[in-house]
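Please keep the sequence and the 3D view at hand while reading.

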Amino acid sequence: MARAFLVVLDSVGCGGAPDADAFDDAGANTLAHIAQACAEGRAEQGRSGPLRLPHLDGLGLGAAIRLASGAQTPGLTAEPAGLWGAASEVSRGKDTPSGHWELAGVPVPWDWTYFPKTDPAFPPDLVAQVCRLAGTEGILGNCHASGVPIIAAHCEAHLQTGWPICYTSADSVFQIAAHEEAFGLERLLKLCEDLAPVLHAMKVGRVIARPFTGECGNFRRTANRRDYAIAPPAPTLLDWVSGQGGMTHAVGKIGDIFSMRGIGKLHKGRSDADLFEHLVRLGAEAEPGSLTFANFVEFDSLYGHPRDVSGYARALEAFDAALPRFLATLGPGDLAIFTADHGNDPTFRGTEHTRERVPVIGAGLGLRPIGLRAFADVGASVAEHLGLRAPLPGQSFL
């Protein structure tokens, strides 16, 4: 029986979203702008020269970027040999759950709740609820922020008072940072778990635990992050695979994103490098008829949000250099699709996600141009490949 591997390179967009203006993201293009920066010598930290992605580009990455946005792609000029195209999102968000759910066949039917860019950002009744659950007299932060700077700003006060550091972003999220030892990891996770139903009822997409260790001025965020996401509003591709007897493997934070619905086995790691080893192993071991759904988050979290062009380029090149190890595990009838959930252009203003089309490239079916598609077409195509009876929206491109 055929197997399917759906691999999300988190935030690796390719510009050209038809509704980018509505998100104030006109002109954003994660991949094209990284390629252009590399070619112009503006991404020389830890690497040098044009962006080198011969394996992804050989499948059709450069062609997908040009199709999506018409942008120049220096260094990515190979003739495609795999499945290639690009997809647009219809969900009214540029966040992780919206993108992943829609790729899995469930566009988001509601408007997410976003916290205002005010100081404070959270309503008093919500702050009171956090304090009650945390057993503290107050919270720190209470604003829009990026994770590392806000921890740096409030680390000493956090250690002195024990108050959690709470913040949000342009996404529909409520994030809580706390020291693993001083505050307690299990206490932080319990706080987020207990708070999640309150936020979900408000249509806030995720409550995220952001633990860190170390001393102020020399702290580090740990791999014990947990996302408590609102459940998808309808059965996803994962539900349909598991419901019809197939095994599903969730690599990285897929289990969190889908609230563990339709998840057979979890495969976690401390880094994307660890997750890639899981992907290679599953390429060799995953059962016939199975779906492996993987998320590689560090493109987004370590390089997109901090606007680190060189780091983003290094991460892309490292993934591409390792890719032949995974592709070599694919057998006859297997399909591997590489795509993204949104953009996060490291050359763009601000620190947030960017509304973009995403590349859809694949191995296992030979040369197959698929044109401009919808996110939901990815789920419909994987369902057809696995022979599922699944009334998912979207049109298969197989």
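**Overview**

An unreviewed UniProt entry places the feature "domain: Metalloenzyme" at residues 3–389. The model discussed here is predicted. Across residues 3–389, the span is 37% helix and 20% strand, and its end C-alpha atoms lie 16 Å apart. The domain assignment of the chain gives domain 1, made of 4–109 + 233–386, and domain 2, which covers 124–229.

**How the two domains meet**

- The C-alpha centres of domain 1 and domain 2 lie 28 Å apart, and the contact between the two takes 13 residues from domain 1 and 11 residues from domain 2.
- Between them, domain 1 and domain 2 bury about 1,100 Å², with 44% of that area on carbon and sulfur atoms.
- Asp 256, Arg 270 and Glu 352 supply 43% of the area that domain 1 buries against domain 2, which is more than any other three residues supply.
- The count between the domains is 1 salt bridge, and a count of residue pairs in polar contact, with both residues at pLDDT 80 or more, gives 4.
- On the side of domain 1 that touches domain 2, the elements giving two or more residues are α4 (96–103) and α9 (254–257).
- By class, that side of domain 1 has 2 nonpolar, 5 polar and 6 charged residues.

**Salt bridges**

- The side chains of Arg 226 and Asp 256 meet in a salt bridge, with an N to O distance of 3.3 Å; Arg 226 falls within the 124–229 range of domain 2, and Asp 256 within the 233–386 part of domain 1.
- Asp 256 is also one of the three residues named above for their share of the area that domain 1 buries against domain 2.
- The structure as a whole holds 18 salt bridges, among them one in which the side chains of Asp 25 and Lys 94 meet at 2.6 Å, N to O.
- This pair links distant parts of the chain, 69 residues apart, with Asp 25 in the loop between β1 (4–9) and α1 (30–39) and Lys 94 in the loop between β2 (83–88) and α4.

**Annotated binding site**

- The unreviewed UniProt entry places the feature "binding site" at Asp 10, Asp 341 and His 342.
- These residues span 333 residues in sequence, yet no two of their C-alpha atoms are more than 7.2 Å apart, so they gather at one spot.
- Asp 341 is found in the loop between β12 (335–339) and β13 (358–363).

**Backbone features**

- Most residues other than glycine have a negative phi, and most peptide bonds are trans.
- The phi of Ser 11 is near 80°, a positive value in a residue other than glycine, and Ser 11 has its place in the loop between β1 and α1.
- The peptide bond from Asp 119 to Pro 120 is cis, with omega near 10°, and Pro 120 lies in the loop between α4 and α5 (124–134).

Definitions and conventions. Residues are numbered from 1 along each chain as its sequence is written. This is a predicted model: local features need pLDDT of at least 70, side-chain atom pairs count only at pLDDT 80 or more; totals for chains, interfaces and linings use all residues. Side-chain values use heavy atoms; hydrogens and water are left out. Domain bounds come from an automatic or database domain assignment. Contact means heavy atoms within 4.5 Å. Buried area is the accessible area (1.4 Å probe) that two parts lose on being put together, summed over both. A salt bridge is a side-chain nitrogen of Lys or Arg within 4 Å of a carboxyl oxygen of Asp or Glu. A polar contact is a pair of N or O atoms within 3.5 Å; within protein, one must be able to donate a hydrogen and the other to accept it, and residues adjacent in sequence count only if both atoms are side-chain atoms. Helices (H or I, at least four residues) and strands (E, at least two) are DSSP runs, numbered from the N terminus. Ala, Val, Leu, Ile, Met, Phe, Trp, Tyr, Cys and Pro count as nonpolar, Asp, Glu, Lys and Arg as charged, and the others, Gly among them, as polar. UniProt positions are given in the numbering used here, feature names are shortened, and annotations may be inferred rather than shown by experiment.
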